[in-house]
Amino acid sequence: MKYRSSIGLIGVLFLSACTIQVPPYSADIGNVSKLKQETVSPLSVGTIKSEKKLNKISLRGSPLISSVGNSYGKYIENALLQELKLAKLWSGVAKKQVTGKVIDQDIDITGFSEGSSFIKVNFIVSEENIILFEKEIMAEHTFDSSFMGAIAIPNGQKSYVELVQKLLTNLYADEEFIASIK
């Protein structure tokens, strides 16, 4: 009996120490519809920077890394690109460009029944070296969690996609952002 418990404990410890990746981003149809409703000019997507210390999130000791270039900045670039392409607003040669920098982010799964996450990104819209828009946009998200790591860790992992969807929802809801891309 002690033997089985020891194997189970070793398995739990092994699983909790593995590096896991955020699932690929899936564009939010509401975000794409919002972009389509606005009469905006084509945009290109530049670099969204992310400092090395922000490129790993710990979920009960398991490092969570971005599935795009091991950088959360690249992940957000990819998310923007997906939604702009679906809204038919992306152009690789557009003069207006969206760039930015991840300021802060975290996912907390220490709660027994609820997890939470937040992200703050400084977005910039520029055209020929003139800044048209610069603002920190943030998003928060809560999700089901558990005292059991086998439930809490995957839920925390999946929550990052919804967190970025909310971040982009908040960006597209900003009237100054929309005005800057018209």
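Q: At what angle do H3 and H4 pack, and how far apart are their axes?

A: Two packed helices are described by the angle between their axes and the distance between the axes. Keep in mind that this is a predicted model. Here H3 and H4 pack at an angle of about 60°, and their axes are 11 Å apart. That angle makes H3 oblique to H4. As for handedness, the crossing of H3 past H4 is right-handed.

Q: Which residues of H3 and H4 make the contact?

A: On the H3 side you'll find Tyr 72, Tyr 75, Ile 76, Ala 79, Leu 80 and Glu 83. H4 brings in Tyr 160, Val 161, Val 164, Leu 167, Leu 168, Leu 171 and Tyr 172. By type, that contact has 12 nonpolar residues, no polar ones and 1 charged.

Q: What is the order of the strands in the open sheet?

A: Read it as E2-E5-E6-E7, 4 strands with mixed pairing. From one strand to the next, the twist averages 20°.

Q: How many bridges join E6 to E7?

A: There are 14, and E6 (residues 114-127) runs antiparallel to E7. To find your place, look for Glu 114, which stands opposite Asp 144 in E7.

Q: Which strands does H4 lie across?

A: H4 (residues 149-173) lies across E5, E6 and E7, and runs at about 140° to E7.

Note on methods. Residues numbered from 1 in each chain as written. Predicted model: local features only at pLDDT ≥ 70, side-chain atom pairs only at ≥ 80, totals over all residues. Heavy atoms only, no water. Pairing = 2+ DSSP bridges. Helix = DSSP H or I, 4+ residues; strand = E, 2+ residues; numbered from the N terminus. Axes fitted to C-alpha atoms, helices over the stretch in contact; angles between N-to-C directions. Contact = heavy atoms within 4.5 Å. Parallel < 35°, antiparallel > 145°, perpendicular 65-115°, else oblique. Left-handed = near helix turned anticlockwise from the far one by under 90°. Nonpolar A, V, L, I, M, F, W, Y, C, P; charged D, E, K, R; others polar.
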